[in-house]
Amino acid sequence: QVQLVESGGGLVQAGGSLRLSCAASGLPFSSYNMGWFRRAPGKEREFVAAITRSDGSTHYADSVKGRFTISRDNAKNTVYLQMNSLKPEDTAVYYCNAGATLTGLTGDYWGQGTRVTVSS
């Protein structure tokens, strides 16, 4: 049974930082591209960032480029999202996704989400 468990969300002031983690089990983690997506209140889900399974290439949404960094530790079956210079518009539930592509297409497996709230 595949499980993706996100953690690290919370309340932070604008300009602050958070690091999200997504621990995977039940799948060959190193064989999967991994991605982060988010859904803000009243909005559609959107792509945030992705990292490849092989060479660790990354891709970011324009809205987070230069502020967020995606990384992975295959030994720990974990993908991370370091979020710096947070803005109120980053407020959303953040989800990790196994199988995401660098172009933002989603894969088959989702976590339950972790909520990030950025106060102004």
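Predicted model: local features only at pLDDT ≥ 70, side-chain atom pairs only at ≥ 80, totals over all residues.
Where does T52 sit? It is in the loop between strand 5, residues 45-51, and strand 6, residues 58-60. Buried or exposed? T52 has 10% relative accessibility. Buried means under 20%, so T52 counts as buried. Setting aside residues up to four places away in sequence, T52 touches N33, S57, R72 and L102.

Next, M34. This residue lies in strand 4, residues 34-39. Its relative accessible area is 0%, so M34 is buried. What does M34 touch, again not counting residues up to four places away? The list is L4, F29, A49, A50, I51, I70, R72, V79, N97, A98 and A100. R72 is on the T52 list too. One distance for M34: its C-alpha atom and that of Q13 are separated by 27 Å, and the two residues are 21 apart along the chain.

Now the core. In soluble globular proteins, nonpolar side chains tend to be buried together. Here the largest nonpolar core has 33 residues. Which residues have the most contacts inside it? They are W36, V79, L81, M83 and Y94. Strands 3, 4, 5, 7, 8, 9 and 11 each supply at least two core residues. Strand 5 gives the most, with 5 residues.

Last, take L81. Leaving aside neighbours within four places in sequence, L81 is in contact with L18, R19, L20, W36, V48, A49, F68, T69, I70 and Y94. Of those, W36 and Y94 are also among the residues with the most contacts inside the core.

Conventions:
Residues numbered from 1 in each chain as written. Heavy atoms only, no water. Helix = DSSP H or I, 4+ residues; strand = E, 2+ residues; numbered from the N terminus. Buried < 20%, exposed > 50% of the residue type's maximum accessible area, 1.4 Å probe, protein only. Contact = heavy atoms within 4.5 Å. Core = buried A, V, L, I, M, F, W, Y, C linked by side-chain atoms within 4.5 Å.
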